[in-house]
Amino acid sequence: MKRVLRRLEKNIKYAPDYASWHRACTEHDRLSGAYEWKQTDRSTDFDYQLIRTRIQHIKRTMARGDVHKLVFHMHEGLHGSLGNISNPALYTHSKVGTKALIENYLNTVCEALNYIADTEFDDFSLADKIDFFFKTGRAFGQSALMLSGGAALGLFHIGVCKALWEQGLLPKVISGSSAGSIIAGVIGTHCDDELATKLQPENLYLEAFKYVGWRGILKGTPVLDGDHLEKCLEENIPDMTFREAYEHTNREINIPVSPYDRHQHGRLLNHKTSPNVLVRKAVLASCAIPAIYPPVSLWAKNMDGDVVPYIPGRKFVDGSISDDLPIRRLSRLYGINHSIVSQTNPHVVPFMSRSEKFKQGFLPITRTWARQTMAMNASFVLNLLHNRVESNDLGLWVDKVRGVLMQKYDGDINIIPPRKPLNILRVLSNPSVEDVREYIQVGERTTWPRIDMINNTTMISRTFRDCMRRLNEQNTAYLTALAHNPAAEEALSSGNNIFSFNSSASNEI
């Protein structure tokens, strides 16, 4: 048996694709005893009795066809981690999946939501359905994918996005800072049909680094050529505004930038806050590390389609200075309350845990306390220094160091590349096609063990979004039919139409 398990573990490690990896993991769970663990409800990691009861109530109510009672159950019990079912420890006992009871509960909830959306009821109208899904879905929240900085190491994000996209799990809301903004820009400007081709290593032009030489550095110019980086971006990101990118892909990309002026606040650029800004310029700004790349002016399209300066006179730099993972701003804009983080920052990755298990005991708690205390004290000193530094570039670096110490670099689900100390030597080097292929493979294989957890934790929010889309289509068709009926014109013009919901409401879920 041990020999078979070792062979399966080797197959898991070198699996060429997700299907092969999943088959080997499933067989390993069957032989190792993990399958029996999944079939047993009892666990100290979540409230299995509560989940059992919820399943019974929902199924009984659906069988009776009592939609009002079912809606009551949804209002009462829908929560992202009801009974602690999103506890990461529940995904450490097996290679794939978790307790069958949890998966049964999630499937039951989604079945109930689809039942409410797709069944015609005498006393629960289309307007009632839209009102329920819009309000409840907004309260439930949704997930975002956040791609960190990391210079050349950010190519790891391509494999992460590719693995999620192939499984239909790529979130609609994506943020990218610095190197992550390049990948977010590529994903957010190519529709699904285009991504299949674009994500091939041969189709990604990533020669972004060109040193200006010692003479330029001695003259006070940045270390790397910003024009060379912009040419690289032109090969990968079409000439689109944030609004055009959203209309083309239905993905909501977000790119944080920091002002070159120390007395301004950072901005989060997207199709809501800055619809006319060019994505490519936003990415260039988010990559402009002070003293490494020159600061960047943003450009936008005006009402005539001409490209004009955006906030003339202002320049912007690296988005990760102020907010590498802008979870709070995403929460306000999109109702995000769950984050999937792909983290490649070389100053962060070595210190992040790759285990989902909470480490208890005196020593781990002491280490956490000491680390946080040191960060707070260092931030206090840097804050005093910031107020006394006159140089803008030096002041930005002080802000950068302070931000590095105080930012939160992890999320609800973290995807972190394997530790390779020599990777630090590749941070500012141009990758070959083989290097890109390696980064993508590492990103995919690191993401595969998180696929089931991501699928389960996002299943309900994805169902909300799909149901809302179908209901909005019904609403639009109904209003179109009414508009072509002369007898209904007076009712429509009177403003008494009970179906007058915003057709874009599904994008808020």
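In this predicted model, the structure holds 0 disulfides. A disulfide is a covalent bond between the sulfur atoms of two cysteines. Cys110 takes part in no such bond, and the nearest cysteine sulfur, which belongs to Cys467, is 8.3 Å away, whereas a disulfide needs two sulfur atoms within 2.5 Å of each other. Cys232 is likewise in no disulfide, the nearest cysteine sulfur being that of Cys287 at 8.9 Å. Cys110 is buried, with a relative accessible area of 7%, and Cys232 is also buried, with a value of 2%.

**The nonpolar interior**

In soluble globular proteins, nonpolar side chains tend to be buried together. Here the largest nonpolar core has 108 residues, and the members that touch the most others are Met74, Leu113, Ile116, Phe133 and Ile460. The element that gives the most to this core is helix α6, spanning residues 100-118, which supplies 10 residues. Apart from this core lies another one of 9 residues, which includes Ala144, Val173, Leu325 and Ile336.

Which residues does Leu113 contact, once its neighbours within four places in sequence are left aside? The partners of Leu113 are Met74, Phe132, Phe133, Ile460, Thr463, Phe464 and Cys467.

**Aromatic rings**

A pair of aromatic rings is described by the distance of the centres and the angle of the planes. A search of the whole structure finds 9 aromatic pairs, and two of them are set out below.

| Pair | Centre to centre | Angle between planes | Arrangement |
|---|---|---|---|
| Tyr115 and Phe121 | 5.6 Å | 75° | edge-to-face |
| Phe140 and Phe464 | 6.0 Å | 35° | tilted |

Within the edge-to-face pair, Tyr115 is partly exposed at 22% relative accessibility, while Phe121 is buried with a relative accessible area of 14%. In the tilted pair, Phe140 is buried at a relative accessible area of 10%, and Phe464 is buried at 1%. Because Phe140 lies in helix α7 (residues 126-140) and Phe464 in helix α20 (residues 451-483), this pair ties together parts that are 324 residues apart in sequence. Ring pairs also link Phe132, Phe133, Phe140 and Phe464 into a cluster. Of these residues, Phe133 was named above among the core members that touch the most others, and Phe132, Phe133 and Phe464 were listed among the contacts of Leu113.

**Trp37 and Lys99**

Trp37 has its place in helix α3, which covers residues 34-39. Leaving aside neighbours within four places in sequence, Trp37 is in contact with Leu90, His93, Ser94, Thr98 and Lys99. Although Trp37 and Lys99 are 62 residues apart along the chain, their C-alpha atoms are separated by 7.3 Å.

Just after α16, Gly335 takes a positive phi of about 75°.

Key
Residues numbered from 1 in each chain as written. Predicted model: local features only at pLDDT ≥ 70, side-chain atom pairs only at ≥ 80, totals over all residues. Heavy atoms only, no water. Core = buried A, V, L, I, M, F, W, Y, C linked by side-chain atoms within 4.5 Å. Buried < 20%, exposed > 50% of the residue type's maximum accessible area, 1.4 Å probe, protein only. Helix = DSSP H or I, 4+ residues; strand = E, 2+ residues; numbered from the N terminus. Contact = heavy atoms within 4.5 Å. Phe/Tyr/Trp six-rings, centres within 6.5 Å; stacked < 30°, edge-to-face > 60°.
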